[in-house]
Amino acid sequence: MSSSTLGKLEADIEIKAPADRFLEMATQRMYRLSNISPDKIASCELFEGDWGKEGSVISWNYLIDGNASVGKELFEAIDFEKNSVTWKVIEGDILQYYKSFKSSFQATPKAKGDEEGTCVHWTLEYEKLHDKVPDPHAKLQLIVGIVKDIDAYLTTQA
């Protein structure tokens, strides 16, 4: 395994929504994402298990760089106290390019005294099938856009 095939991309996204509400949307109410982010997500369905439970599998139909893609992800770890989640891709288009692919975030409330809101730190960890495979910058940008859409939705809901 070449070190050039292992990779990690990260992004920090500042949102106005509280960390716990963002976590709830990203674990227990993901089925709403096709309504919240219809230009990016065609569907997000529970394939196996229960929403927001480790070991459950979700099925995605989404657009990346204008191309329709599909995938299944396993809820690998959920920590409601730390507002963090890790998913592992177990099936789908992305595995044509990557031997393994994990996506995780931690939503941290901003310090008291600062403006209200949350910092969502998102991490993609992956192993490319070979060194000619590009880093998944488009996937990370898709996620950043979805996070912003979720924030807009949560901050307009009473």
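How many nonpolar, polar and charged residues does the lining of the largest pocket have? Let's find out by walking through this model, which is a predicted one. By class, that lining has 10 nonpolar, 3 polar and 4 charged residues. The largest pocket has a volume of about 320 Å³, and β3 (57-64), β4 (67-79) and α3 (137-156) are the elements that give two or more residues to its lining. Of these, β4 provides the largest share, 3 residues. If you want to find the centre of the pocket on your screen, look for Ile-64, Ser-69, Ile-94, Tyr-97 and Tyr-98, which lie nearest to it among the 17 lining residues.

Strand β4 pairs with β5 (residues 84-92) in the antiparallel sense, over 8 bridges. The hairpin of β4 and β5 has 4 residues between the strands, and here Asn-83 takes a positive phi near 55°. Next, β5 pairs with β6 (residues 98-109), again in the antiparallel sense, over 5 bridges. Here Ser-84 stands opposite Gln-106 in β6. These two strands, β5 and β6, also form a hairpin, with 5 residues between them.

Now turn to the helices. Two packed helices are described by the angle between their axes and the distance between the axes. The axes of α1 (residues 19-27) and α3 come within 11 Å and cross at roughly 115°, and the crossing is right-handed. On the α1 side, the contact is made by Arg-21, Phe-22 and Met-25, while α3 brings Val-147, Ile-150, Tyr-153 and Leu-154. By class, the contact has 6 nonpolar residues, no polar ones and 1 charged.

Rolling a probe the size of a water molecule over the atoms shows where empty space is left. The count comes to 2 cavities of 30 Å³ or more. The largest cavity has a volume of about 250 Å³, and Met-30, Trp-60, Trp-122, Ile-143 and Ile-146 lie nearest its centre. Helix α3 gives the largest share of this lining, 6 residues, and α1, β3 and α3 each supply at least two. The lining divides into 14 nonpolar, 1 polar and 2 charged residues.

The second largest cavity has a volume of about 40 Å³. Its lining includes Tyr-62, Glu-73, Val-89 and Lys-139, and the elements giving two or more residues to it are β4 and β5. This lining divides into 4 nonpolar, 2 polar and 4 charged residues.

Definitions and conventions:
Residues numbered from 1 in each chain as written. Predicted model: local features only at pLDDT ≥ 70, side-chain atom pairs only at ≥ 80, totals over all residues. Heavy atoms only, no water. 1 Å grid on protein atoms, 1.4 Å probe; cavity = no way out; pocket = protein on both sides within 12 Å on 5 of 7 lines; lining within 4 Å. Points joined across faces, edges and corners; volume = space filled by probe spheres on them. Nonpolar A, V, L, I, M, F, W, Y, C, P; charged D, E, K, R; others polar. Axes fitted to C-alpha atoms, helices over the stretch in contact; angles between N-to-C directions. Left-handed = near helix turned anticlockwise from the far one by under 90°. Contact = heavy atoms within 4.5 Å. Pairing = 2+ DSSP bridges.
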